[in-house]
Amino acid sequence: MTPSPAAPADLVITGCAALLHPDAGEGIEFAEDASIVVRGGIIEAIGVDVDIPDAVERIDARGQLAMPGLINCHTHAPMVALRGVAEDLPTAEWFNDVVWPIESNLTGIDVELGARLACAEMIRGGVTCFADHYFSMDTVAAVVEECGIRAHLGEAYFSSQGPQGREKSLEFALRHRGGADGRITTTLAPHAPYTVDDADLAATADLAREHGLPLHIHAAENRDQTDTSLARHGLTPIEVLARTGILTGDLDVLIAHGTGIIERDLPVLERTGGRTAVATAPRGYLRFAWPTTTPVRALREIGVPVGLATDGAASNSSLDVWESMALTSLIQKSTEGDPRWLTSRQALHHATSQSARAVGLGERIGSLAPGRKADIILVDLTGPHTQPVHDLAATLVHSARSSDVRTTIVDGRVLMRDRELLTLDVPGIVRELAERLPALVDRSHGRRIQEYDT
């Protein structure tokens, strides 16, 4: 009996160079003239000597490099609606005088339009997964499901909301866990130790353990927060998280920013039993003139992964993780006074493998290998600003730009091909958002959703 022919693959990419992570460390290889076979949203085969099956869709990627999609490990996607609205201000004024008054105006439509625009920007910049920490996250989850990107979502809350804030965060996490055909993972999302009291933090830790959920929280965002916490409580923000059970036991915790992490915090972070990670978003730290940055080298030495992020576009004006990769490398060199640190290969690892670990997806995304999710971007390296190529890692980190991303694929589905977005209508989003901006940015009411007092 003649065996039936194998079913066609969903997608075959041919003729590309490919960035590979062959081990769990920082080993990176580049393969020339590689092919990638995708079936059922999974990379079935990758390499030079790959049998090329029939396929539903084919991409000839000559002149391009295939690499894992970038991961934005901490952002507030709907805040693109506030891009440029609060410029050249210190942190406290930025929050209290502009951002938190405007956020009291947010409606579900504003969040939806902001999330759509943010997803379009990230897909065009080669981001295939983002970790979002914001309000009205049911709306964001719906946008994620529709547009095809991957996301790690948490409904943010303050103690000023009462127990309802914490309960809403839990309900969201349980309702959407595993949503969008598995592209959505969820987390509990207390805002920060300075806006969530110890009792709420302890209750959140208990809920996380009970329901098997991770946490995503701002902590030690800057040195002023650490100094104020020491003066008020005799503890750093990191020590507050340990005292309340967030950083003890086996919880998985993603800490946003951490530029205020000091030496006494390192043993606390090293002792945590779960996966503790930090997300760094360096452009915002420069804009706020913070005197320190995320201590990537010290965290690396104690085994804490550091993922790359942008924060929200209200503070960063951009959701460009490519820029975060370059800035992280350059700022770490300057901060450490060592041009040998952070290398281009290390920066690529932070943007891919370490970022995947930071959002709890280190076994599924962050590298190109058989069995991994087919979250792939194709980067055009033929432009004058990327030629000639002497060191491919350095070219990617310090010469290439997010606009060099030609194609973005998530779960084997092409979301952008040859710079054309296939799942989002940017002109329509922009038109509708523009109509809503006057009401959104109105601050005449004198309200604010919270007080920044650190």
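Is Trp290 buried or exposed, and at what relative accessibility? At 16% relative accessibility, Trp290 counts as buried, a class that takes in values under 20% relative accessible area, with exposed meaning over 50% and partly exposed in between (1.4 Å probe, protein chains only). The structure is a predicted model, in which local features need pLDDT of at least 70 and side-chain atom pairs count only at pLDDT 80 or more, while totals for chains, interfaces and linings use all residues. Residues are numbered from 1 along each chain as its sequence is written, and side-chain values use heavy atoms, with hydrogens and water left out.

A pair of aromatic rings is described by the distance of the centres and the angle of the planes. Rings of Phe, Tyr and Trp (its six-membered ring) are taken to pair if their centres lie within 6.5 Å; planes under 30 degrees apart count as stacked, over 60 as edge-to-face and the rest as tilted. By this criterion the structure holds 11 aromatic pairs. In one of them, Phe95 and Tyr452, the ring centres are 4.7 Å apart and the planes stand at 15 degrees, so the pair is stacked. This pair links distant parts of the chain, 357 residues apart: Phe95 belongs to helix α1 (residues 91–103) and Tyr452 to the segment after α15 (426–440). Helices (H or I, at least four residues) and strands (E, at least two) are DSSP runs, numbered from the N terminus. Both Phe95 and Tyr452 are buried. Tyr285 and Trp290 have ring centres 5.3 Å apart and planes at 15 degrees, so this pair is also stacked. Tyr285 is buried, its relative accessible area being 4%.

Strand β15 (residues 376–380) is mostly covered, four of its five residues being buried. Two strands pair if DSSP finds at least two bridges between them. Strand β5 (residues 64–68) pairs with β15 in the antiparallel sense over five bridges, and Gln64 has Asp380 of β15 as its bridge partner. An antiparallel pairing over four bridges joins β15 to strand β16 (residues 405–410), where Thr408 stands opposite Ile377.

Side chains of opposite charge can pair when their charged atoms come close. With a salt bridge defined as a side-chain nitrogen of Lys or Arg within 4 Å of a carboxyl oxygen of Asp or Glu, the structure holds 23 salt bridges. Arg39 forms one with Glu44, the closest N and O atoms being 2.6 Å apart. Arg39 is partly exposed, at a relative accessible area of 27%, and Glu44 counts as partly exposed at 40% relative accessibility.

Arg175 and Asp138 meet through their side chains in a salt bridge (2.8 Å, N to O). The two residues lie 37 residues apart, in helix α4 (residues 163–176) and helix α3 (residues 137–147) respectively, and the pair links distant parts of the chain. Arg175 is partly exposed at 48%, as is Asp138 at 36%. Arg232 forms a salt bridge with Asp453, with 3.2 Å between the closest N and O atoms. Here Arg232 in helix α6 (residues 223–233) is linked to Asp453 in the segment after α15, 221 residues apart. Arg232 is partly exposed, with a relative accessible area of 48%, and Asp453 counts as partly exposed at 45%. A network of salt bridges links Arg150, Lys373, Asp375 and Asp411.
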